[in-house]
Amino acid sequence: MAWTEKILRVNLTQGTVTPEPLNMDWAMQYLGQRGLASKYLAAEIDPKCDPLSADNKLIMTTGPLTGTSASTAGRYSVVTKGPLTGAIACSNSGGFLGAELKNAGWDMIIFEGRAKSPVYLYVENETAEIRPADALWGRTVWETDAMLHRKHQDPLLRIATIGRAAEKGCLYAAIVNDLHRAAGRSGVGAVMASKNLKAVAVRGTRGVGNLKDPARFLQSTAAAKKLLAESGVTGKGLPTFGTQVLMNVINEVGALPTRNGSAVQFDGARDISGEAMREPRKTDHRPNLTTNAGCFACTIACGRISTVDRGHFTISNKPEYWGASGGLEYEAAWALGTDTGVSDLDALTYANFLCNEDGMDPISFGATVAAAMELYQIGALTKTDTGGLELNFGSAEALVRAAELTAKGEGFGLELGLGSKRLCAKYGHPEFSMTVKGQEFPAYDPRGIQGMGLTYATSNRGACHLRSYTVSSEILGLPVKTDPLATEGKAELVKTFQDVTAAVDSIGLCVFSTFAWSLADIAPQLDAACKGEWNAARLLEAGERIWNLEREFNNAAGFTKKDDTLPERMLKEPAGTGPAKGKVNNLAAMLPEYYKLRGWTEEGVPTAATRRRLGLGA
Amino acid sequence: MRLTIKLYAGLERHLPENAKDNAVIVSISNRASVNDILRLYNVPMDQAHLVLRNGVYIPPAQRDASGFFVDGDTLAIWPPVAGG
């Protein structure tokens, strides 16, 4: 039935590991992964707790389809209270770790308390042990991965680990698995570091069996894979160009936040685009892109594996970076490049390598450097503050030096590691922080794509594109084209995308599958695998329930309607060029309608009727 | 009149040889429609998914309208693409 129905509870304070049964009543309501782990978190921690205290918990969680042969079913998430935002955090990753955990026989691992000294968790099927990690502390992700593989003499061991950034207090530190896939956003790595937990190493050989109807499961997953293969987006566009195909698109529509959002189009966009990554470099005549790559069971394979020119100033004397490694995806290329005004593709790729190597969210890192550059531009931040770093917009040297310092937690990198909200407040210009609820927004300017303004403002984990990717409709025409500059209908569009995405995440599938699949294509796969009767309507309701659960956690943590907003720049400074020229984001025209559609009060609180309808209690 | 044509995500193979960075500036008839331009450069109609004039989406129903462009316009075209 796809769930293993087993949880591993790891108490780091007491040094105990205890198996317990999965709450199947909750699984029927919240599916798994994001939804189910959020239910456990909300039930077990005080929403007002300090995210970096022993009172917070950190949950690594799979979905019911994770580890099966359904396409894209390799996802796992890390759910915790996020230190960057103080809101509920759910950070989703691909690669192979999630499927391995499921194959070891576990639906999720709940970490609680704090170890006295550094430890890692070793899981081999039903055996789980807390082991000392003193020798791993202070090491990068890549070093830790190599050391654990060597120690256990098992090349198939799957490892999720933090790097040095997390250990040094970076509030947007990631947990990296399989060398370059990451639970990237909201600082889940910082929570892991606060627990003195360096890594989780997993080996599972039990398989994911016990499917409700194996023959029907094979039929429904095969039919769904055919849809992915036949779609121009998932069958051709994503494997060929990756998400980076968007760089030129979003620039052309005038919604590419540039130089900390001071402009909406970037003259260097083409030089750092997916198209450019495939062309031979002028210097060494090799393309940036070496190959595409797929996560567990994925038949899309959008991942990028890239190289930097060995003669490039960033790595000419560092042969350890001469090989191919995890390359730029759109959000990373935007944050590291467009937002800082840097159009040197090799420099961005190197900075991206560093984000993987030491576990940093490239979106929040790049956007924080961009904010620092604006502070530096007006003189609010000086060379004395930065330790000599000249943070000029467009400077590739400044970008990569900032990445090196933040990755290692040295010098001004310690301040950059706290994110743009804290940095801009410290230097007297909070308005330069392009954040919602403390988290940096990604690569879509809400002045040029109105629905993304509502998406950012209402995202439960702080500004994020993956909570309701209305770009799909507003720009790309999937499943239907809507006008990116209109606000009419966007409240409903955002709500629908939010609920669908919550369901897809919670099943253990990749949200990119929804470029070709609707819930009607996903439901038969889940229904063939799992106990219960699953159809699209029930999945949509589960998604809505999950959204409200996350909202109630945040409300209890102290967030209010006033936090559902955007940076002042997006609401008051009109776009200067392109189709959105003269426009700001008209959030006020969308938010009240959104609350109403959600069944919330005018203050953004789920009403008693909504709570009853969704089974959230009286 | 002058029109900048930009073709992306594999469609650039249909651009003339003097194109650079996915773009070329050409002279077109004042009466040209979007689909006239597609035919002129052998861009398959079913691959012209995202069609933008100066960054604004042109729905299929308007792509046969003649006299569609003004001097200095930019036409940018992609096959079905998405990212995130």
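This is a predicted model: local features need pLDDT of at least 70, side-chain atom pairs count only at pLDDT 80 or more; totals for chains, interfaces and linings use all residues.
Me: Does D21(B) count as buried, partly exposed or exposed?

Reply: A residue is buried if 20 or more other C-beta atoms, placed from the backbone, lie within 10 Å of its own, exposed if 12 or fewer, and partly exposed in between. D21(B) has 14 such neighbours inside 10 Å, so it counts as partly exposed.

Me: Which residue of β2(B) is the bridge partner of T4(B)?

Reply: Strands pair if DSSP finds at least two bridges between them. Strand β1 (residues 2-7) of chain B and β2(B) have five, in the antiparallel sense. Across from T4(B), the bridge partner in β2(B) is I25(B).

Me: Which are the edge strands of the sheet in chain B?

Reply: Five strands form this open, mixed sheet, in the order β2-β1-β5-β3-β4. An edge strand here pairs on one side only, and that picks out β2 (23-27) and β4 (56-57) of chain B.

Me: Which elements of chain B give two or more residues to the side that touches chain A?

Reply: Contact here means that C-beta atoms, placed from the backbone, lie within 7 Å. By that rule 20 residues of chain B meet 30 residues of chain A. On chain B's side, the elements giving two or more residues are β3 (50-53), β4 and β5 (73-78).

Me: Around what arc do the buried residues of helix α8(A) lie?

Reply: Helix α8 (residues 232-241) of chain A has V233(A), T234(A), G237(A), L238(A) and F241(A) buried. The arc is that of the directions from the helix axis to the C-beta atoms. These residues are on the same side of α8(A), because the arc they cover is only 115°.

Me: Which helices do the buried residues of α8(A) pack against?

Reply: Just after α8(A), G242(A) takes a positive phi of about 65°. As for the buried residues of α8(A), their packing partners in chain A are α7 (214-230) and α10 (274-277).

Me: How far apart in space are E440(A) and S186(A)?

Reply: E440(A) belongs to strand β17 of chain A, and it is buried because 29 C-beta neighbours lie inside 10 Å. Beyond its neighbours within four places in sequence, its contacts include I363(A), G419(A) and A463(A). S186(A) is 254 residues away in sequence, but C-alpha to C-alpha the separation is 9.2 Å.

Me: What distance separates the centres of domain 2 and domain 3 of chain A?

Reply: With bounds from an automatic or database domain assignment, chain A is divided into domain 1 (6-203), domain 2 (258-433) and domain 3 (449-613). Nine residues of domain 2 are in contact with 10 residues of domain 3. Taken over C-alpha atoms, the centres of these two domains are separated by 28 Å.

How values were computed. Residues are numbered from 1 along each chain as its sequence is written. Chains are lettered from A and ligands numbered from 1 in the order in which they are written. Helices (H or I, at least four residues) and strands (E, at least two) are DSSP runs, numbered from the N terminus. Two residues are in contact if their C-beta atoms, placed from the backbone, lie within 7 Å.
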